Amino acid sequence: MAGNKIIAICQLGGEFETGEDGSLSYKGGDAHAIDVDDQMKFNDFKTEVAEMFNCSFNTVSLKYFLPGNKKTLITISNDKDLQRMIKFNRDSVTTDVFVILEEIVERDVSNMPASR
């Protein structure tokens, strides 16, 4: 698998629109490109994306479409997922990666002692 490389077009700030056939398209937002190869680690990729868009690492979720399938977003959450994205898109020069910002919800921690 050595030498596999694609350009990830990372997009943030747009909206998904659903077509009549159920396929999704992405409209608006900002886009930046990152070279991704089969040696890159997920945390390095996510860090670069977060820094590029000036976002917190912990709030960034990364998703992409499989070639020929614009109906289901695939989540990239670890090294294996990133390598699969590269493998699945090996016949393409670029792939779109959608940056989704997720809110971190803190647990409601009460100062009241627990009842028995």
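User: What does the secondary structure of the protein chain come to, and in what order do the elements run?

Analyst: The protein chain of this predicted model comes to two helices and seven strands. From the N terminus on, the order is β-β-β-β-α-β-β-α-β. Of its 116 residues, 31% count as buried.

User: What makes Lys-46 a buried charge without a salt bridge?

Analyst: Lys-46, which lies in helix H1 (residues 42–52), is buried. The nearest side chain of opposite charge is Glu-102, 7.4 Å away. A salt bridge requires a nitrogen-to-oxygen distance within 4 Å, so Lys-46 has none.

User: Which residues does Lys-46 touch, leaving aside those up to four places away in sequence?

Analyst: Lys-46 touches Phe-57, Val-60 and Leu-62.

User: Why is Lys-46 said to lie over the face of Phe-57?

Analyst: Lys-46 is placed at 4.4 Å from the ring centre of Phe-57.

User: Which residues have the most contacts inside the largest nonpolar core?

Analyst: That core has 22 residues, and those with the most contacts inside it are Cys-10, Val-36, Phe-45, Val-49 and Leu-62. Two or more residues each come from strand S1 (5–12), strand S4 (30–37), H1, strand S5 (60–65), helix H2 (79–88) and strand S7 (94–101). Leu-62 touches, among others, Phe-45, Val-49, Ile-76 and Val-99. In soluble globular proteins, nonpolar side chains tend to be buried together.

User: How do you know that Asp-81 and Arg-84 form a salt bridge?

Analyst: The closest N and O atoms of Asp-81 and Arg-84 are 3.1 Å apart. The cut-off is 4 Å, so the pair qualifies. The count for the structure comes to one salt bridge. Asp-81 and Arg-84 are three residues apart in helix H2, which means that about one helical turn separates them.

User: How many aromatic pairs does the structure hold, and why is that of Phe-16 and Phe-65 called edge-to-face?

Analyst: There are five aromatic pairs. For Phe-16 and Phe-65, the ring centres are 6.4 Å apart, within the 6.5 Å limit, and the planes stand at 90 degrees, over the 60 required, so the pair is edge-to-face. Phe-16 belongs to strand S2 (residues 15–18) and Phe-65 to strand S5, 49 residues apart, so that the pair links distant parts of the chain. Phe-16 is partly exposed at 26%, whereas Phe-65 is buried at 7%.

User: What makes the pair of Tyr-26 and Phe-98 tilted?

Analyst: Their centres are 4.9 Å apart and their planes 50 degrees apart. Tyr-26 lies in strand S3 (residues 24–27) and Phe-98 in strand S7, so the pair ties together parts 72 residues apart in sequence. Tyr-26, at 15%, is buried, and Phe-98, at 3%, is also buried.

User: Which residues form one aromatic cluster?

Analyst: Phe-16, Tyr-26, Phe-65 and Phe-98 form one aromatic cluster.

Technical notes
Residues numbered from 1 in each chain as written. Predicted model: local features only at pLDDT ≥ 70, side-chain atom pairs only at ≥ 80, totals over all residues. Heavy atoms only, no water. Helix = DSSP H or I, 4+ residues; strand = E, 2+ residues; numbered from the N terminus. Buried < 20%, exposed > 50% of the residue type's maximum accessible area, 1.4 Å probe, protein only. Lys, Arg positive; Asp, Glu negative; His and termini not counted. Contact = heavy atoms within 4.5 Å. Core = buried A, V, L, I, M, F, W, Y, C linked by side-chain atoms within 4.5 Å. Phe/Tyr/Trp six-rings, centres within 6.5 Å; stacked < 30°, edge-to-face > 60°. Lys NZ or Arg CZ within 6 Å of the ring centre and 35° of its normal.
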